[in-house]
Every structure is written in structure tokens, then in C-alpha cells.
Amino acid sequence: GCAVVGRPTARALPQDGRMLQVLRVAVREGVPNGCSMLYGSAARAAKAMGADSMFTYIHEDESGISLKASGWVEDLEFKSQGGEWSRPSRPRAKTVEPEAKKRYWAPWSKYLKDQSEVIW
């Protein structure tokens, strides 16, 4: 499998190189726990290289079980409504996946809010 990690795609998030986003994970079909291993490995590597936060987005209809299994925490304060990036003042190409998203943080992330009351 592979994990693609890069800078945050959202312009409002810090672009200082210390916050990273998992952009994509991919594994061959039938690889047990493959995505969980990739999320865990990416988080450990990022932390070892000096990142202070790491996150990813998933679709609203996805369970997030691979992220939860690797220790990632859902950001319960984040609410994405989805949508297109294009505006009349700056037209853009159609978004590939305009659906609403959920955000998950690596457990060591600086920007992860205290959610100790959350029970999985």
C-alpha cells in the first residue's frame, strides 16, 4: 500500500510545514488492516520528522474504523458542508468530491482539542 502526505489543502490552515494532511491511502484489496497500518505509519513518520499536527478528511458516510483503529481522533467541532471551490469572482474546475467531510487528527496533534468526554 501507499500513503500520500502533503501540506493542508485548506488555505485557512497553517502552511508552515509543521502541519501535514494525509491526502490519500491505498492498499490492494483484501489486505487486512492495510489502511490502519498506513495511517499509523504516516503519523509516526511525520512526528519523527518534526510535524506538530497531522490530519485527514473522510466522507460523511464512511465509518472511520481504520483511523480509529490506528488511534486517530475525530474532530467533533469540525463541520464540513462540502461544496465547490468555484465562485463568480474566481471560476474553478468542478470539484471531484464535493460531498461533506469529517476530519480526524493524529493523537499527538497540537491542534486536537481536548475531547476526553468522547467515548468510542
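Ser36 counts as buried, because its relative accessibility is 14%, and buried here means under 20% relative accessible area, exposed over 50%, and partly exposed in between, with a 1.4 Å probe and protein chains only. What I am presenting is a predicted model, in which local features need pLDDT of at least 70 and side-chain atom pairs count only at pLDDT 80 or more, while totals for chains, interfaces and linings use all residues. Residues are numbered from 1 along each chain as its sequence is written, and side-chain values use heavy atoms, with hydrogens and water left out.

Ser36 is placed in helix H1; helices (H or I, at least four residues) and strands (E, at least two) are DSSP runs, numbered from the N terminus. Leaving aside residues up to four places away in sequence, Ser36 touches Ser66, Ala69 and Ser70, where contact means heavy atoms within 4.5 Å.

Let me turn to H1 as a whole. The helix covers residues 34–48, which is 15 residues, and it reaches 21 Å from its first C-alpha to its last, close to the 21 Å expected at 1.5 Å a residue. That expected span is 1.5 Å times one less than the number of residues. Among the buried residues of H1 are Gly34, Leu38, Tyr39 and Ala46. The cover over the buried residues of H1 includes strands E1 (2–6), E2 (19–26) and E3 (53–59), together with helix H2 (65–69).

Most residues other than glycine have a negative phi. Asn33, although not a glycine, has a positive phi of about 60°. Asn33 sits in the loop between E2 and H1, and it counts as exposed because its relative accessibility is 57%. Just after H1, Gly50 also takes a positive phi, of about 100°.

Next, the sheet. In what order do the 5 strands of the open sheet run? The order is E1-E2-E3-E5-E4, and the pairing is mixed. E1 and E4 are the edge strands, each pairing on one side only. Two strands are said to pair if DSSP finds at least two bridges between them. E1 and E2 run antiparallel and are joined by 5 bridges, with Ala3 standing opposite Val25 in E2. E2 and E3, by contrast, pair in the parallel sense over 4 bridges; in E3, Phe55 is the bridge partner of Gln21. E3 is largely enclosed by the rest of the structure, because 5 of its 7 residues are buried.

I come now to the charged side chains. How many salt bridges does the structure hold? There are 3, a salt bridge being a side-chain nitrogen of Lys or Arg within 4 Å of a carboxyl oxygen of Asp or Glu.

Arg18 forms a salt bridge with Asp52, with the closest N and O atoms 3.6 Å apart. Arg18 lies in the loop between E1 and E2 and Asp52 in the loop between H1 and E3, so this pair ties together parts that are 34 residues apart in sequence. Arg18 is partly exposed, at a relative accessible area of 41%, whereas Asp52 is buried, at 13%.

Asp52 also forms a salt bridge with Lys110, the closest N and O atoms being 3.5 Å apart. This pair links distant parts of the chain, 58 residues apart, since Lys110 belongs to the segment after strand E5 (101–105). Lys110 is exposed, with a relative accessible area of 54%.

Asp75 and Arg103 meet through their side chains in a salt bridge of 3.1 Å, N to O. Asp75 lies in the loop between E4 and E5 and Arg103 in strand E5, so the pair ties together parts 28 residues apart in sequence. Asp75 is buried at 8% relative accessible area, and Arg103 is buried at 11%. Salt bridges that share partners join Arg18, Asp52 and Lys110 into one network.

The side chain of Glu74 does make a polar contact with the side chain of Tyr104, at 3.4 Å. A polar contact is a pair of N or O atoms within 3.5 Å; within protein, one must be able to donate a hydrogen and the other to accept it, and residues adjacent in sequence count only if both atoms are side-chain atoms.
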